[in-house]
Amino acid sequence: MELMVNPNLDVATLAGRFRATGYLQVPDVFAVEQARQLRECLLREVPWGLAYYDGGARFLRAQRLAAMEPAQRQALDREIYARARSSYQYAYGAYPILDAYLEQWNEVPLLNEFLEGLNSEPVLDLVRALTGFGQIIKADAQATRYAPGQFLRQHNDQSPPDETWHVAYVYNLTSQWQPDWGGYLQLIDLRGDIAVGLKPRFNVLNLIAVPQPHLVSMVSPFAGAARYSITGWFRSR
């Protein structure tokens with residue numbers, strides 16, 4: 001997929017906002033038809049697994065998740081919530097696009113194409129210009145689906161020793177979201193207050209300088225839809 005960057009973006013103004021705040025929302029970032037195609041893919045084609053934390057990142061592929069007995073799944077959910085009361089935790093539907101690409105899972109071709117498009121020079125050039133991080137050379141990606149009851153606790157995206165992350169991104173593919181459904185990307189200030197709350201939207205790219213404390217608030221049990229996005233980091237290694 002050759003991602004078509006919106007030619008009408010005011011890159012200079014947007015870059016000034018990122019320099020001033022450390023975060024940015026880029027509306028209508030790609031061609032709307034491509035965004036619609038990606039959203040339909042997330043809605044209908046992705047075999048969603050489960051990402052959660054248990055002293056390290058854990059991921060259950062869709063096949064394994066589907067094979068679990070209801071009692072097993074309920075016990076896992078209880079463990080996830082119990083851990084979340086006092087320590088770092090997350091739980092959301094996931095599909096690891098980079099892993100699927102490198103290991104040739106051959107399940108969702110469009111997401112492979114999206115990853116290639118994200119790593120194309122026009123897109124990387126845009127992100128370098130918007131953020132000022134000229135050393136960015138690549139991006140990784142995972143698809144995410146936050147259903148009611150799912151969340152991502154506060155963290156700061158500190159790079160692991162063998163990687164260098166400069167900018168976290170969330171490419172939003174959620175339509176007609178209501179504010180009281182939760183699922184907001186929230187940036188946290190030094191006092192622990194919510195400095196910024198970013199609503200899930202459609203065809204909007206959020207960029208966040210790394211490291212910076214943030215979270216995704218729990219999607220409400222009465223939410224009428226799931227929150228869909230593609231997320232990851234723009235990196236120099």
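Predicted model: local features only at pLDDT ≥ 70, side-chain atom pairs only at ≥ 80, totals over all residues.
# Notebook: salt bridges and pockets

**Entry 1.** I began with Glu121, which forms a salt bridge with Arg128, their closest N and O atoms being 3.2 Å apart. Next I looked up how open the two partners are. Glu121 is partly exposed, at 43% relative accessible area. Arg128 has a relative accessibility of 17%, and it counts as buried because the cut-off is under 20%. I then found that Asp125 belongs here too: Glu121, Asp125 and Arg128 are linked in a network of salt bridges.

**Entry 2.** How many salt bridges does a search of the whole structure find? I noted 10. A reminder to myself: side chains of opposite charge can pair when their charged atoms come close.

**Entry 3.** I turned to helix H2, which spans residues 32-44 and holds both Glu33 and Arg36. These two sit three residues apart, about one turn of the helix. They form a salt bridge, with 2.5 Å between the closest N and O atoms. Arg36 is partly exposed, and I wrote down 45% for its relative accessible area.

**Entry 4.** Another pair I checked was Arg191 and Asp193, whose side chains meet in a salt bridge at 3.1 Å, N to O. Is Arg191 buried or exposed? Arg191 counts as exposed, with 71% relative accessibility. Asp193 is partly exposed, at 34% relative accessible area.

**Entry 5.** The largest pocket holds about 960 Å³ of space. I counted 36 residues in its lining, and the closest to its centre are Tyr90, Tyr92, Gln142, Trp165 and Trp233. Which element gives the largest share of this lining? It is strand E13, residues 227-235, with five residues. Sorted by class, the lining of the largest pocket has 21 nonpolar, eight polar and seven charged residues.

**Entry 6.** I went on to the second largest pocket, with a volume of about 200 Å³. Its lining has 16 residues, and nearest its centre lie Leu50, Arg73, Asp77, Pro148 and Gln150. Strand E2 (49-53), helix H4 (70-84) and strand E4 (90-95) each supply at least two lining residues. H4 gives the most to this lining, four residues. By class I noted nine nonpolar, four polar and three charged residues for the second largest pocket.

Note on methods:
Residues numbered from 1 in each chain as written. Heavy atoms only, no water. 1 Å grid on protein atoms, 1.4 Å probe; cavity = no way out; pocket = protein on both sides within 12 Å on 5 of 7 lines; lining within 4 Å. Points joined across faces, edges and corners; volume = space filled by probe spheres on them. Nonpolar A, V, L, I, M, F, W, Y, C, P; charged D, E, K, R; others polar. Salt bridge = Lys/Arg side-chain N within 4 Å of Asp/Glu carboxyl O. Buried < 20%, exposed > 50% of the residue type's maximum accessible area, 1.4 Å probe, protein only.
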